[in-house]
Amino acid sequence: MGNCEINVPGTALVLEGGGMRAAHTAGIVAELIEHEVWFPYVCGLSAGSSNAVNYIARDPERTRMCFVDIAGDPRFGGIGSLMHHDGFFNSQWLYDEAIRDGSLPMDWQAFQANPTKLRIQSFEQDTGRTVTWTREDMTSPVTMARLVRASSTMPFVMNPIEVGGQVMLDGGLGTGAGIPLHMAEEDGYERFFFIGTRPAGYRKTPMGRGKRGLMRRLCAGQPYLYEALETRAERYNAALDHLDELEREGRALVIRPEAMPIHNTETNVEKLRAVFDQGHSLAEREMDHWLEWLTR
């Protein structure tokens, strides 16, 4: 491929979450940026919202840093961070402070200059409402980082954040249960380039009795959180069935990892780099095929 921009007509870029598994997506997104493949619209939730804003900033290096290099920083998180009540992932540093202190610089001018539309989502802990935000809500790099943090706050793993007086949790708890397709559909898109973080054929297993009992205790006083977790497998699988249907109709191109060797809480830099590289080389191999579909 030469260095000519490719503006994709009428197709939404849709990015699944999945915690650190999204290192694989980051590899693909970095390659899309390097190839100057520009979608008119991108939506994501949880870790997908980080990849979405990095795509809009057109910064392949930051895309990698957010899911690979960052894990090598002692402030990133781990058991020590959890013991200090900063969460297993130290979200206060990861989002707010890493932008302020220059650990994860953001090219704000590039972000603002890019016409691509953006939507991300989060979940209100005390109402069970799904809330979405667009670029218009991101008035500064720190506001942007806080909204991405709100979309990415995994319960029990990260300290919650308040936005507009509401405690916000991971967008994967809300509508779509982790599959952000509905946002693009609600915004009028009918063709989708979907990047997932699970291999083909994956389906979530509903909670067994033991796990339900544990979750009921952990979610005491938070009925909406409990309900979202209890129904999540069923809702996620239904969203995947819908995605399969769109794929059969030729309206979705679904990109999945061939294998996923890490969990959503992976902190090992070498393993994360391997997963990023896996996504990057998949995109390198498949790019011509993807572009053929995208420009049809």
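A nonpolar core is a set of buried Ala, Val, Leu, Ile, Met, Phe, Trp, Tyr and Cys residues joined through side-chain atoms within 4.5 Å. Buried means under 20% relative accessible area, exposed means over 50%, and partly exposed lies in between (1.4 Å probe, protein chains only).

The model is predicted: local features need pLDDT of at least 70, side-chain atom pairs count only at pLDDT 80 or more, and totals for chains, interfaces and linings use all residues. Residues are numbered from 1 along each chain as its sequence is written, and side-chain values use heavy atoms, with hydrogens and water left out.

**Exercise 1. Find the residues that touch the most other members of the largest nonpolar core.**

Step 1. The core holds 73 residues. Leu32, Tyr55, Phe111 and Phe193 touch the most other members.

Step 2. Look for the main contributor. Helix H12 (residues 269–294) gives the most, with 11 residues. Helices (H or I, at least four residues) and strands (E, at least two) are DSSP runs, numbered from the N terminus.

Step 3. Take Leu32. Not counting residues up to four places away in sequence, Leu32 touches Leu13, Val37, Phe39, Tyr55, Phe193, Ile195 and Met287. Contact here means heavy atoms within 4.5 Å.

Step 4. In soluble globular proteins, nonpolar side chains tend to be buried together.

**Exercise 2. State which residues of H2 are buried, and what follows the helix.**

Step 1. Count them. In H2, 10 of 10 residues are buried.

Step 2. Name them. They are Ala47, Gly48, Ser49, Ser50, Asn51, Ala52, Val53, Asn54, Tyr55 and Ile56.

Step 3. Arg58 follows H2, with a positive phi near 55°. Arg58 sits in the loop between helix H2 (47–56) and helix H3 (60–65). It counts as partly exposed because its relative accessible area is 30%.

Step 4. Compare with the general rule. Most residues other than glycine have a negative phi.

**Exercise 3. Decide whether Ser152 is buried or exposed, and list its contacts.**

Step 1. Read its accessibility. Ser152 has 5% relative accessibility, so it counts as buried.

Step 2. Find its polar partner. A polar atom of the Ser152 side chain lies 2.7 Å from the backbone oxygen of Val148.

Step 3. List the contacts. Neighbours within four places in sequence aside, Ser152 is in contact with Ser46, Ala47, Ser49, Tyr95, Met158 and Asp170.

**Exercise 4. Trace the surroundings of Asn237.**

Step 1. Asn237 belongs to helix H11. At 15% relative accessibility, Asn237 counts as buried.

Step 2. Set aside neighbours within four places in sequence. Asn237 is then in contact with Arg203 and Lys204.

Step 3. Look at the atoms. A polar atom of the Asn237 side chain is 2.9 Å from the backbone nitrogen of Lys204.

Step 4. Asn237 and Ile179 are 58 residues apart in sequence, and their C-alpha atoms are 9.3 Å apart in space.

**Exercise 5. Sort the lining of the largest pocket by residue class.**

Step 1. Ala, Val, Leu, Ile, Met, Phe, Trp, Tyr, Cys and Pro are nonpolar; Asp, Glu, Lys and Arg are charged; the others, Gly among them, are polar.

Step 2. Sort. The lining divides into 14 nonpolar, 10 polar and 8 charged residues.

Terms used. Polar contact = N/O pair within 3.5 Å; in protein donor to acceptor, adjacent residues only side chain to side chain.
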